Amino acid sequence: MTEAQKTPPEEAGSDAIARAGRAAMNAQELLQEISDYCRHSGLAESTFGRRAVNDGKLTTRLRNGGRITTDTLDRIRAFITSNSATASARPAIITRPREGALMSTSIQASVPASSVPALQPSHSLVPTGEENPQRNFRFFDNRQKYLLFVNTCSEKWVVANRVTLELANIHPRPPAVRMFDAGVGDGTVMLRALRAMHDRFPHMPFYVVGKEISLEDVRLALQKMSDRFCEHPATVLILTNLAYADAPWLAVKSLNAASSLVWREAPLTGTSAHQFEQQITDLVPFLAQNWKAGVSPKTGNPVYERPVVLVIYRADHRFLLDPIIPRPGGTLANYDLIIASQPYRARAPLDFKASRVIAPLSKALGPGGRLIAIHSHGNDPGMEIIRKVWPGDNPFIHDRHQLLKAVKQELGPGGRDLNFNAYADNRSLFRYDMHTLPSELSGSIGTSTLFAAWNAAIYVAQVEDDRLGEVVSDSRYLDATREVLQQHGGLWFHDESFVISRRRD
């Protein structure tokens with residue numbers, strides 16, 4: 001039972017009405033205040049929740065749509081007010097990690113909250129060239145935008161369909177089909193890719209590694225995986241929060257980080273998806289304790305507190321899977337398929353995209369392996385909405401041709417055995433849509449549809465919160481959204497793909 005459900009229904013009177021009005025504030029605003037305070041004071045959000053209201057999962061509940069009573073809201077505000085003077089007096093805070101964790105320095109308290117843009121979780125985060133790294137910290141904010149986008153648009157499905165086309169071109173070699181997902185997100189793309197892999201390679205063991213730094217996304221992805229161990233029992237699933245340069249090999253280059261590596265092996269017992277799901281759910285406390293992230297003071301990127309590798313497989317298939325079950329100390333990469341869907345911010349520098357993301361992943365390809373990369377392209381109705389509000393804006397500053405050229409230069413002689421496939425537009429570009437009913441667009445467009453379309457447009461274009469504040473004060477943004485929806489009879493977006501493949505031996 002939530003705190004809101006515990007509130008007596010008979011509470012009434014003018015004082016109660018006023019208090020209810022305060023409780024109706026936007027949860028996002030409250031989360032922003034808490035996040036700002038935690039960054040300024042050096043507190044973990046779980047510690048804030050325990051100290052303020054004796055609830056270490058306070059912020060998690062709020063991000064998942066939970067409600068709080070007015071008493072709880074008053075206690076949160078009182079805690080922030082009474083402690084903000086002390087926190088703001090500190091020019092910088094050194095966060096003391098748990099035993100074995102990496103040391104990290106938080107951002108100076110003088111950074112204004114308005115400079116913190118919103119999160120877009122599935123589109124991985126990279127620096128945008130801003131001098132202030134805090135402007136790029138997008139990890140903990142606006143989870144609502146991400147969830148609304150993935151549940152109202154078909155991008156995950158369409159991307160998965162595009163990825164599965166590459167299975168016809170790979171050439172797995174014993175002892176397993178090897179796949180790497182360079183940004184698991186909520187697990188939809190990985191799930192659908194694994195289904196297609198089983199259909200094509202039903203009797204081959206699978207070695208699957210997924211990189212994801214978001215605790216919430218790891219939870220969502222794991223919830224989808226129990227059926228995979230039932231249909232395809234010869235599966236080793238590894239999830240990690242390591243960087244692109246480390247994750248394919250499950251090895252940390254930094255000696256300090258390597259000493260704090262958390263390696264967890266979780267063999268599943270039983271034979272049913274229900275049993276597997278229960279055991280996967282039992283991993284949640286482990287994830288909550290270890291799968292934590294902060295912000296890099298140098299780049300503004302989200303970085304892990306401690307590196308984690310989680311290995312899951314069926315215990316009754318351990319003998320068969322022993323050659324591919326990874327052990328601490330690193331493993332071979334040699335992937336047959338690498339998925340890099342939205343692995344960087346569109347506005348990121350070209351050099352960053354090439355040297356920090358695509359080039360390291362290319363090195364992890366095995367003979368005959370293929371890396372498919374997908375990012376937003378623009379030139380669609382979603383971009384029309386953006387330009388009606390911000391004329392001349394163009395977040396999609398690098399196309400596949402520029403990126404592939406930069407990757408070639410970065411790899412140098414090391415890329416001689418790679419093929420760089422940009423393809424023609426009719427193969428490279430594809431479209432996904434926002435889900436709408438015909439009745440929602442045939443007449444007067446409902447407010448919920450307008451808000452969903454606006455959210456999708458600003459999410460794909462990666463518009464920061466400080467820019468949004470300038471336009472949402474009146475109805476112009478909704479008018480622009482309505483005009484585009486009526487003009488096109490719906491809303492869709494374009495993604496762009498390219499493939500890097502390694503020659504066979």
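**A guided tour**

Colleague: Is N54 buried or exposed?
Modeller: The relative accessible area of N54 is 66%. Buried means under 20%, exposed over 50% and partly exposed in between, using a 1.4 Å probe and protein chains only. N54 is therefore exposed.

Colleague: Before we go on, how should I read the numbers?
Modeller: This is a predicted model, where local features need pLDDT of at least 70 and side-chain atom pairs count only at pLDDT 80 or more, while totals for chains, interfaces and linings use all residues. Residues are numbered from 1 along each chain as its sequence is written, and side-chain values use heavy atoms, leaving out hydrogens and water.

Colleague: Where does N54 lie, and what is its phi?
Modeller: N54 sits in the loop between α4 (45-53) and α5 (58-63). Helices are DSSP runs of H or I with at least four residues, strands are runs of E with at least two, and both are numbered from the N terminus. Although N54 is not a glycine, its phi is positive, at about 60 degrees.

Colleague: Which loop holds Y423, and what is its phi?
Modeller: Y423 is found in the loop between β12 and α19 (425-428). With a relative accessible area of 22%, Y423 counts as partly exposed. Y423 is not a glycine either, yet its phi is positive, at about 65 degrees.

Colleague: What is omega for the cis peptide bond that joins P174 and P175?
Modeller: P175 belongs to the loop between α8 (155-164) and β3 (177-181). For the cis bond between P174 and P175, omega is about 15 degrees.

Colleague: Which residue meets D246 in a salt bridge?
Modeller: D246 lies in the loop between β5 (235-240) and α12 (255-259), and at 9% relative accessibility it counts as buried. A salt bridge is a side-chain nitrogen of Lys or Arg within 4 Å of a carboxyl oxygen of Asp or Glu. Here the N to O distance is 3.0 Å, and the partner of D246 is K253.

Colleague: How many residues apart in sequence are the parts that R502 and D417 tie together?
Modeller: R502 and D417 form a salt bridge, with the closest N and O atoms 2.7 Å apart. R502 is in strand β14 (residues 492-502) and D417 is in the loop between α18 (400-411) and β12 (418-421), so the parts they tie together are separated in sequence by 85 residues.

Colleague: How many residues of helix α10 are buried?
Modeller: Helix α10 (residues 215-223) is largely enclosed by the rest of the structure. Its buried residues are L215, E216, D217, V218, R219, A221 and L222. Of the 9 residues in α10, the number buried is 7.

Colleague: Are helices α21 and α23 roughly parallel or roughly perpendicular?
Modeller: The axes of α21 (residues 447-460) and α23 (residues 476-488) come within 9 Å and cross at roughly 95 degrees. Axes are lines fitted to C-alpha atoms, for helices over the stretch in contact, and angles run from 0 to 180 degrees between N-to-C directions. Angles under 35 degrees count as roughly parallel, over 145 as roughly antiparallel, 65 to 115 as roughly perpendicular and the rest as oblique. That makes the arrangement of α21 and α23 roughly perpendicular.
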